[in-house]
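Hi,

Here is the structure I promised to pass on. Have a look at it first, and then read on for what turned up.

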Amino acid sequence: MDPSGTLRRHRVVVLALDGLIPFELGIPQRIFGKARDAGGQPLYEVVTCSVRPPGPVETDADFAVLVANGPEALAGADTVVVPASYELGPVEQEGILTPELAAALTHIRPGTRLVSICTGGYVLAAAGYLDGRPATTHWMHAEHFQRLFPRIRVDADVLFVDDGDVLTSAGVAAGIDLCLHLVRRDHGAAVANEVARRTVVPPHRDGGQAQYIRRPVPEAQSAGTTAARAWALGRLHEPIQLRDMAEQESMSVRTFTRRFREEVGVSPGQWLTRQRVEHARHLLESSGLSIDQVARDAGFGTAQSMRQHLQATLGVTPTTYRRTFRSGTGPDGTEDGDSLTPART
């Protein structure tokens, strides 16, 4: 709360560096700026700052942006976002911060959540924030990133890495995926999905950036796996076998599995589990169904199976997730209907 008694919004400060990519600079404002609570009130305050006093910051386009805040704005951040820049100089070439950038980062309070988009990860790495941690960056820079910062565990295949208080994303549009993930983590799937709808982007993209790396490919095939995925989404509550999905495309299991991974970036089994987790999240947030019923409707069969998958994916039990992102009572009159299936942690 602020002194007036008003609930203080989570403050996101975006660090604009010379040579920045305008698209990536705008992602935090677009995603966090559109997040609203049930009453339509903004959930985040988004502020942009420079490493210098207020003034113009050059971009990689034919225009500059006028930034109204200096580095002191970083001191009030709950989350700091560092978008990509094409003019990182010694940060990218030698893995060391410029004096100007180092001075700016001293304003960041301990415990502030740190986020990078694309090559913005070089800044976090050069500052030592990624030492001993998993991280990612654009696949084109991943090998160089790993050589320059050997203490970082670089994963070039994923769209983003969530390591708790430090998060990194792959190139360009993966910043949207990461920011939506943070909204989902902070306020639940319903809020994140509404932001995605407003932005006209998918709330979650399957697979990782491995699917975007240019590789020799066989001749294009007319057959795909789209129909099988649509078929599966319509019956998540039912047992679905790999051969059932393959039959929807009149393919052998082997061909279907290969084609599915080429198109989606993950195996059919991984994709199906992810869809069931997302459906379970939606039901936990939006319905008063018991945990057992949510598990059945999402296709997990048992509450224990769903609990294992949600803990593996989200790090919390279904009951904890529901209590965090939904209030109210279930149809039996108990809170959220959770007493029908007590949580086991």
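Quick one to start with: is V200 buried or exposed? V200 is exposed, because its relative accessible area is 72%, and the cut-off for that label is over 50%. Bear in mind that this is a predicted model. V200 sits in the loop between α7 and α8 (226-233).

You'll find V172 in the loop between β10 (166-169) and α6. With a relative accessible area of 34%, V172 counts as partly exposed.

Now for the inside. The largest nonpolar core has 32 residues, and the members that touch the most others are V12, I31, F32, A35, Y44 and V183. Elements giving two or more residues to this core are β1 (10-16), α1 (22-32), β2 (44-50), β4 (64-67), α6 (174-187) and α7 (189-199). The top contributor is α6, with 6 residues.

Setting aside neighbours within four places in sequence, Y44 contacts R9, H10, V12, F32, A35, L182, V183, D186 and H187.

Cheers

Terms used: Residues are numbered from 1 along each chain as its sequence is written. This is a predicted model: local features need pLDDT of at least 70, side-chain atom pairs count only at pLDDT 80 or more; totals for chains, interfaces and linings use all residues. Side-chain values use heavy atoms; hydrogens and water are left out. A nonpolar core is a set of buried Ala, Val, Leu, Ile, Met, Phe, Trp, Tyr and Cys residues joined through side-chain atoms within 4.5 Å. Buried means under 20% relative accessible area, exposed over 50%, partly exposed in between (1.4 Å probe, protein chains only). Helices (H or I, at least four residues) and strands (E, at least two) are DSSP runs, numbered from the N terminus. Contact means heavy atoms within 4.5 Å.
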